[in-house]
Amino acid sequence: MTDGATDVLAYDAALANQDLLPVPADQRSWNMWNIAALWVGMAITIPTYTLASSLVDRGWTWQAAVGSVVLGNIIVLVPIALISHAGTRYGIPFPVLTRSSFGVFGANVPALLRAIVACGWFGIQTWIGGFAIFKLLEVMWPGIARLPTVLPSWVGIGTGEFLCFMLFWGINLWIALRGMESIKWLETWGGPFLMVIAAALFLWAWANVGGLEPMLRNPPREPGAASVTAVFGAGLTSAVAFWGTMALSIPDFSRYARSQRDQVVGQALGLPVTMGVFAFIGATVTAATAVIFGARISDPVELLSRIGGPVTVILAMLGLTVATLTTNIAANVVAPANGFSNVAPARVSFRTGVVITAVIGIVMMPWRLYNDAAAYIFTWLIGYGALLGPVAGIMIADYFLLRHGRLDLDDLYRRGGRYEYMGGVNWIAIVALVLGIAPNLPGFLDALGV
């Protein structure tokens, strides 16, 4: 059965459950504005803000920093739209799509690679949201920073910070467990709200520095700072890798799109424009803080905690919470939940996959990873982008060049079909993946200090 069919005639219980089966045509209700809102909600987040501001801190002008973000997102939009095609046409999620290229069991390799990275990102975003709550609560209740220590010192986090982290972790888990319609509602209403918050922050900086010119003033170049040309490749790769994982798992969302036009136009409107505008806000507002406070404040959490009184703090906490929620749940929960479900569909549902993702996000101690900005951008982002990039290349080549966009939907869900290959694994794809990763692995390990 091919070409957009929504029903699978027969499937193997080891390969399917209700969460992995194709979405019926009458349930594909996401229009271009829902898709655009999804990307707005994901793009307006603290890491987007700090992506540009941290590049400026490394010696870039704001023009170069924002330019690399925009160019990187235009580049990554191409594989995102291409990989989305199969999700929209057949209503299938990312792990099921990879069965055509890697085999019905071999698909677990890219699915789990994507899932583990998403668990790391889930932890990072949950830490960011929890720390935002902590810093803003600290303004109203300074004693939260002096709570008795209950965790071992090697954990590297205070009691108040950990409590706020777990509070935000619980909010993420509660929303994700309610399913895709709940996530759709959050993204649809969260996107416009976040645009208002971002505009308000920019206008605040404008009013307090007396115009746009001080916000566009580049800091003097420090002696020994790396040249723009020397780090341009790293910055551009960071911008591409920022959404590298979503380029793989975007069928998890495009399977709900009404048409190819809705997914393509919605993503083109929502991704590069939003990333560029919010990166510009991050770079220029950071420049304004040098005038307002006498020192550059690139962390928006710290900045918002210093802006005003209790009312401002509450509004800022709400905005930061929504910003992190919309990104975290969409980008970092859905994909690993489907990936873990794909390993053992009869035992692991989407909801069980959500819980597994959330638990791994704690175990990885994300506060240690995020607090080192150099490791966060130039090791974590570039590293996982290089390691997962070959998966996207294999998927696109298989779907468009070898199969011309046509899949046998039934065979994706049963043994012995055309995607059985050798024992359920396409070893040619596995070898191609290893060969794609191998040239990048030594540099990645060296960056990690191995």
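V240 is partly exposed, with a relative accessible area of 25%. Here buried means under 20% relative accessible area, exposed means over 50%, and partly exposed lies in between, using a 1.4 Å probe and protein chains only. The residue sits in helix α9, residues 228-242. Helices are DSSP runs of H or I with at least four residues, strands are runs of E with at least two, and both are numbered from the N terminus.

V240 touches G72, I75 and V76, leaving out residues up to four places away in sequence. Contact means heavy atoms within 4.5 Å. G72 is 168 residues from V240 along the chain, yet their C-alpha atoms are separated by 4.6 Å.

## Basis of the model

This is a predicted model: local features need pLDDT of at least 70, side-chain atom pairs count only at pLDDT 80 or more, and totals for chains, interfaces and linings use all residues. Residues are numbered from 1 along each chain as its sequence is written, and side-chain values use heavy atoms, without hydrogens or water.

## The chain overall

The chain has 21 helices and zero strands. It holds 450 residues, and 56% of them count as buried. Take the contacts with a separation of 6 or more: 85% of them join residues 24 or more positions apart.

## Helices α3 and α12

Two packed helices are described by the angle between their axes and the distance between the axes. Helix α3 covers residues 62-90 and helix α12 covers residues 260-270. Their axes come within 9 Å and cross at roughly 155°. Axes are lines fitted to C-alpha atoms, for helices over the stretch in contact, and angles run from 0 to 180 degrees between N-to-C directions. α3 and α12 are therefore roughly antiparallel. Angles over 145 degrees count as roughly antiparallel, under 35 as roughly parallel, 65 to 115 as roughly perpendicular, and the rest as oblique.

On the α3 side, L77, I80, A81, S84, H85, T88 and R89 take part. They meet Q260, Q263, Q267 and A268 in α12. By class, this contact has four nonpolar, six polar and one charged residues. Ala, Val, Leu, Ile, Met, Phe, Trp, Tyr, Cys and Pro count as nonpolar, Asp, Glu, Lys and Arg as charged, and the others, Gly among them, as polar.

## S100 in helix α5

S100 lies in helix α5, residues 99-102. Is S100 buried or exposed? S100 is buried, with a relative accessible area of 2%. Leaving aside neighbours within four places in sequence, S100 is in contact with D398, R403, L407, L412, Y419 and Y421.
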